[in-house]
Amino acid sequence: MKADVVIIGAGPAGIFTALELVKLGSKQKIVMIEKGSAMENRKCPKSKTKKCVNCKPCNITTGFSGAGAFSDGKLSLSRDVGGDFPELVGPDFAQELIDYTDGIYLEFGADEKVEGVGQTEKVKEIRKRAIQAGLRLVDCPIRHLGTEKAQEIYLKIEHYLQEHGVEIYFGYDCHDLMVKDGVCTGARAVKLGRNDDVLEIESKEVIVATGRRGADWLEKVCAKYDVAHKPGTVDIGVRVEVRNEIMEDVNNVLYESKLIGYPRPFKNKVRTFCQNPGGFVSQENYDNDLAVVNGHSYKDLKSNNTNLAILCSHNFTEPFNQPIEYAQKVGELTNMLGAGQILVQRYGDILDGKRTWEKELSQSNVKPTLPDAVAGDITAAMPYRAMTNIINFIQAVDHVVPGFAGVETLLYSPELKFYSNKVKMDTDLNTNVKGLHCLGDSSGWTRGLMMASAMGVLMARKLKSLED
């Protein structure tokens with residue numbers, strides 16, 4: 001097959017590359033390869049089975065719109081949140097792209113309400129408490145799509161792309177790129193379960209947008225074809241769950257409290273991420289059988305709890321250059337202790353140096369929203385440095401949100417965020433391999449739906465200028 005543009009991965013970055021090309025009236029032939037299913041076929045059986053059945057590939061993390069379809073669907077509307085993309089293209093231009101991209105989401109049915117704006121005095125009070133605790137509160141307006149509404153929006157976008165001639169091949173795993181003499185000329189993909197069904201696409205431009213899910217694959221591709229890159233960051237942490245009553249003020253004023261701190265003694269960066277008022281803790285599975293924890297928040301369906309991630313950023317220096325493998329090993333140890341399931345432990349039990357038992361969970365005020373999480377001891381697998389950072393950070397957050405460091409506060413593990421080694425690119429999103437571009441979270445430049453989407457918009461504009 002021949003194409004003008006082939007996009008590997010149908011997550012936000014890849015979707016918005018194709019979408020903006022269509023909106024700009026491009027005549028180029030666009031082909032997308034996606035390992036997972038179409039939006040309408042993405043269903044997690046856990047709602048019926050009540051426990052993870054280890055689908056391969058995982059319907060939570062793969063398929064049209066990537067992990068975004070089954071996340072809480074939050075669009076961060078500030079250039080200060082979502083990765084380092086503003087450093088590449090300039091902060092003001094990055095904000096312009098975000099504002100424009102937000103308008104597209106609105107066109108396809110996103111809620112017009114923006115969370116975290118309009119309550120200046122209450123925000124000041126929360127910030128004051130954060131400063132007193134040695135934390136920084138990051139202002140960020142949030143457009144909350146909601147898990148179920150996000151799926152509706154992305155389904156509309158999927159149909160829009162198909163109606164406008166974008167060819168999308170679902171269930172194909174990209175095994176390799178076609179690179180010769182420093183030029184990328186296409187990609188090869190294999191139909192899942194059908195090794196004799198090989199899709200070989202020759203293309204002028206190749207876009208890799210495989211998300212966090214494809215970070216380790218892209219790392220291998222970069223090494224194989226000498227794509228210039230540098231070791232990136234991995235985040236290792238936990239998913240914290242408390243009663244809504246504890247988070248009520250912050251939920252009502254900010255919806256998501258983005259707090260950053262550098263707790264003693266290590267002074268590593270620790271931050272909150274992906275806060276879900278009335279949300280649900282969830283499990284995601286990777287192809288290497290790694291089970292990790294995440295969180296969802298629906299528009300209509302609500303729980304009695306709020307969950308959020310606390311993540312410790314790990315940046316490694318020479319000679320070590322395998323940050324993703326390091327984080328995977330931490331996750332594997334935790335999975336081992338939970339017999340392949342997510343571990344959960346009460347904060348008070350961690351401080352007391354004991355594991356949590358199922359009976360203790362059943363008697364607690366905070367009932368786990370991940371029903372098949374295994375009560376145990378996450379400290380037996382979590383690195384000392386990360387665990388110390390998490391404990392001290394929770395104590396600091398308790399000054400901002402009294403009761404956050406309660407005895408019954410739940411910590412789920414492992415919460416891991418894999419960001420590919422940061423691919424070196426110019427402001428036109430070109431790598432040192434001609435015809436190859438890397439976008440979104442897999443590129444190491446973005447973290448989250450909005451920034452990845454905005455990066456896709458810019459990529460499309462660059463490709464359209466070449467066409468013209």
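Angles between axes under 35 degrees count as roughly parallel, over 145 as roughly antiparallel, 65 to 115 as roughly perpendicular and the rest as oblique. This briefing concerns a predicted model, in which local features need pLDDT of at least 70 and side-chain atom pairs count only at pLDDT 80 or more, while totals for chains, interfaces and linings use all residues. Residues are numbered from 1 along each chain as its sequence is written, and side-chain values use heavy atoms, without hydrogens and water.

**Helix pair α1 and α13**
- Helix α1 (residues 12-23) and helix α13 (residues 449-467) have axes that come within 7 Å and cross at roughly 40 degrees; helices are DSSP runs of H or I with at least four residues, and strands are E runs of at least two.
- The two helices, α1 and α13, are therefore oblique to each other.
- Residues of α1 including F16 and L21 meet residues of α13, among them L449 and V457, where contact means heavy atoms within 4.5 Å.

**The sheet**
- An open sheet of mixed pairing consists of eight strands in the order β4-β12-β13-β16-β11-β19-β17-β18; two strands pair if DSSP finds at least two bridges between them.
- β4 (135-138) and β18 (374-375) stand at the edges with a single partner strand each, so one side of each lacks a neighbour in the sheet.
- Strands β17 (residues 343-346) and β19 (residues 410-418) pair in the antiparallel sense over four bridges.
- L343 has S413 in β19 as its bridge partner.

**Helix on the sheet**
- Helix α8 (residues 244-254) packs on the sheet and touches β4, β11 (233-243), β13 (270-276) and β16 (305-315).

Definitions and conventions: Axes fitted to C-alpha atoms, helices over the stretch in contact; angles between N-to-C directions.
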